[in-house]
Structure formats: C-alpha cells, structure tokens
Amino acid sequence: VLFSASTTATLLVQTDTTWQGAGGDDYLNGGAKRDCIYHNGAAKFIYSVQDVNGNPLVAGTTITASVDKGKLEGNTSVTLPDKQTNKNYYLTWTNNITGDENLTGTLSITVRSDADTSDNGYGNGNLTTTLTRTLIRPVAVSISPSAPAEGDTVRVTPTGGSETVDVTGTSGYTITHPGAASPEGCDYGSTVQYTAGTSGTSETVRVTDNVTGAYTEKTYTVK
C-alpha cells in the first residue's frame with residue numbers, strides 16, 4: 001500500500017445486536033443500556049482498521065481481538081494482505097459468566113503494524129483500542145426454608161438478571177410454584193410466598209426474567 005500513514009481503528013455495536021429476548025435502541029450506540037450484556041446474551045460488533053487518511057494498512061499487519069471475561073467469537077485474529085481496499089471485521093461477545101455478581105469485562109483490539117510484522121519493513125504503527133461492558137449475572141432464586149415441612153410457609157425471592165439493570169421495574173419476574181394454579185408476577189426486590197404441600201412431595205419453583213426470558217428452577221422434597 002502506497003502513502004500509508006499512522007494507524008486508526010473503529011469499533012461499533014452492530015444494529016442487529018441481540019440480548020436474549022431484550023433489544024431495541026436502548027442497547028445500541030448511545031442507548032441508555034448499551035453498556036450491558038445480559039447473561040447468555042450476546043453483543044455483536046463491527047470493527048475496521050485503516051490509517052488516518054482512510055487507506056488500508058500495510059501487508060503483514062496483525063489484528064488480535066480478545067475479552068477478559070465472557071466468550072469472544074468471530075474475526076479474533078487477522079493478518080492483512082496487500083490490498084488497496086479496507087475490510088470490515090465482526091465479533092460476537094457472549095456473556096457466559098457464573099456467580100452472583102455483575103462483572104465488568106473489557107474487549108481489546110490490538111493492531112500491530114511495525115518493522116517486525118509488516119512486509120515493507122516499517123509499518124503504520126501499533127495501536128490498542130478497548131471498550132467495556134457490564135456482564136449481567138444470571139437469574140437466581142432463594143427458597144426459605146430450603147427444605148420446608150408440610151404446611152410451612154415457603155418464601156421465594158428472585159434476584160439477578162434484568163433487576164440489576166432496571167431496578168425500578170415492576171413485575172420483573174414471573175414465578176411458577178405449586179401454591180398457585182397459574183404463574184404469578186413478582187416485582188424486583190419482592191418475595192412470593194405459598195404453603196408447602198404434602199410430606200414426601202417433590203415441588204419445583206421456576207423464576208423467569210420477563211425482560212430476557214431467562215429462567216432458573218429449584219426442586220425440593222417436602223419433609
């Protein structure tokens with residue numbers, strides 16, 4: 001590539017980003033919730049590299065993309081050929097964290113274009129660009145008592161998921177439990193309760209996050 005200048009890189013959220021059932025403009029560039037990736041959701045990115053004049057970088061330039069939390073797929077390792085046109089590259093960052101805390105993750109793109117990597121012996125210059133996202137913890141449920149006896153009052157408290165992004169939401173969860181004939185809504189920060197059934201009966205509680213559709217279940221045997 002002739003007349004190639006110093007390196008620049010752009011990294012943008014793609015418009016078809018999916019968030020495990022949640023979506024819309026809030027999650028795209030400039031959106032109020034763009035900095036979050038729900039558990040088991042994926043953020044998609046497009047990136048390109050060029051010099052400050054918009055020209056392709058020299059042949060032999062290497063590009064490496066990585067994340068320190070979650071899973072990254074796509075064009076994570078690229079070596080540029082000797083071409084006169086730029087090319088876009090694509091990444092998918094999936095939130096597969098475990099545990100009961102939100103985590104801050106960093107996506108890094110490192111461009112190495114120097115005398116050791118380039119075909120022309122000088123390169124455009126090395127560059128690293130980064131962005132961060134909050135990886136939202138999974139939906140969880142606590143049951144008290146954990147092994148109820150027949151006739152006990154069972155208290156179900158859901159946590160996590162979209163609650164940690166939008167704490168003002170109402171009916172953020174749907175709870176299916178043996179004490180009701182149909183699923184029951186539950187606000188963020190609230191508890192649903194019912195009476196345990198017959199001794200020896202196996203009972204299952206399911207909590208669904210109404211924003212993402214993610215759910216978790218717990219099963220116990222009544223004492």
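Reply: In this predicted model, strand β10 (residues 140-144) and strand β11 run antiparallel and are joined by five bridges. Within this pairing, Ser142 stands opposite Thr157 of β11. Strand β11 is also joined to strand β14 (residues 192-195), here by four bridges, and these two strands likewise run antiparallel. Thr153 has Thr195 in β14 as its bridge partner.

Strand β11 itself, which spans residues 153-159, has two faces. Val154, Val156 and Pro158 make up the covered face, whereas Thr153, Arg155, Thr157 and Thr159 make up the uncovered one.

Four strands form an open sheet in the order β13-β12-β15-β16, with antiparallel pairing. Its edge strands are β13 (184-186) and β16, each of which pairs on one side only. On average, neighbouring strands of this sheet are turned by 25° against each other, direction ignored. Three bridges connect strand β12 (residues 173-176) with β13; among the residues involved, Thr174 of β12 has Gly185 in β13 as its bridge partner.

The edge strand β16 covers residues 215-221 and contains Glu217. Is Glu217 buried, exposed or partly exposed? Glu217 has a relative accessible area of 42%, and it is therefore classed as partly exposed, since that class lies between the limits of 20% and 50%. Leaving aside neighbours within four places in sequence, Glu217 is in contact with Thr204, Val205 and Arg206. With Arg206 there is a polar contact from side chain to side chain, at 2.8 Å. Glu217 and Ile175 are 42 residues apart in sequence, and their C-alpha atoms are 9.7 Å apart in space.

In soluble globular proteins, nonpolar side chains tend to be buried together. The largest nonpolar core of this model has 21 residues, and Ile63, Leu91, Trp93 and Leu107 have the most contacts inside it. Strands β3 (42-51), β4 (62-67), β7 (89-94), β8 (103-112) and β9 (127-135) each supply at least two residues of this core, and β3 gives the most, with four residues. Another core, of 17 residues, lies apart from the largest one; Ile143, Cys186, Ala214 and Val222 are among its members.

Terms used
Residues numbered from 1 in each chain as written. Predicted model: local features only at pLDDT ≥ 70, side-chain atom pairs only at ≥ 80, totals over all residues. Heavy atoms only, no water. Buried < 20%, exposed > 50% of the residue type's maximum accessible area, 1.4 Å probe, protein only. Contact = heavy atoms within 4.5 Å. Polar contact = N/O pair within 3.5 Å; in protein donor to acceptor, adjacent residues only side chain to side chain. Pairing = 2+ DSSP bridges. Axes fitted to C-alpha atoms, helices over the stretch in contact; angles between N-to-C directions. Core = buried A, V, L, I, M, F, W, Y, C linked by side-chain atoms within 4.5 Å.
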